[in-house]
Amino acid sequence: MASSSYSNSPCAACKFLRRKCMPDCIFSPYFPPEEPQKFANVHKIFGASNVSKLLNEVQPHQREDAVNSLAYEAEARIKDPVYGCVGAISVLQRQVIRLQKELDATNADLIRYTCNEMPTTQDGRRIIGEGDGDGGSSLGQSPGYYYPSPWNNDPLGDGYHRGDNI
């Protein structure tokens, strides 16, 4: 819990609202006088009355997390009034999708490299192991082979149910 470093200095909320900061002030543990912008942002987006009601309804051990969430959302909403946190989440999701595609491409390159390093017979067919001898099941002759990764959205691991349409 954050606390005021000055015992007689009002918290940032009471200072902003121009009122006397009482010892039982609901805002003082979470809005210290050293961080006036934190309360100003929260007040601008949510309003002091709503924040006070919310803090009174939340369990005391959860209040700091609630205030931090409100402060984060308020700052995001001020930076991006239309999307707020959702805009930041969307950017991160697109980055994850891009990185997943890059990982999939790297895995495909790794498989291609591994297949090119496999020994071959005199007629050029790859030696994979015991099989029916026709070479149709070898990795080197299956260009559509899919390497499952724990980082992709392919719940069945078959390469067809990938969820690229997010």
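**Close-up views of a predicted helical model**

**View 1. Contacts of F31.** F31 touches C11, A12, A13, K38, F39, V42 and V67, leaving aside its neighbours within four places in sequence. The model shown here is predicted.

**View 2. The largest nonpolar core.** This core holds 18 residues. C11, F27, F31, F39, V42, V51 and L55 touch the most other members. Helices α1, α2, α3 and α4 each supply at least two residues. Helix α4 gives the most, with 4 residues.

**View 3. Helix α2 crossing helix α4.** Two packed helices are described by the angle and the distance between their axes. Here α2 spans residues 36-46 and α4 spans residues 63-79. Their axes come within 8 Å and cross at roughly 75°. Angles of 65 to 115 degrees count as roughly perpendicular, so α2 is roughly perpendicular to α4.

**View 4. Residues where α2 meets α4.** From α2 come K38, N41, V42, K44, I45 and F46. They meet V67, N68, L70, A71, E73, A74, R77 and I78 of α4. The residues of this contact divide into 8 nonpolar, 2 polar and 4 charged.

**View 5. The buried side of helix α3.** Helix α3 covers residues 48-57. Its buried residues are A48, V51, S52 and L55. They lie on the same side of α3 because they cover an arc of only 100° around the axis. In an α-helix, residues three or four places apart point the same way, because there are 3.6 residues a turn. What do the buried residues of α3 pack against? They pack against α1 (12-17), α2 and α4.

Terms used:
Residues numbered from 1 in each chain as written. Predicted model: local features only at pLDDT ≥ 70, side-chain atom pairs only at ≥ 80, totals over all residues. Heavy atoms only, no water. Axes fitted to C-alpha atoms, helices over the stretch in contact; angles between N-to-C directions. Parallel < 35°, antiparallel > 145°, perpendicular 65-115°, else oblique. Contact = heavy atoms within 4.5 Å. Nonpolar A, V, L, I, M, F, W, Y, C, P; charged D, E, K, R; others polar. Buried < 20%, exposed > 50% of the residue type's maximum accessible area, 1.4 Å probe, protein only. Arc of directions from axis to C-beta. Core = buried A, V, L, I, M, F, W, Y, C linked by side-chain atoms within 4.5 Å.
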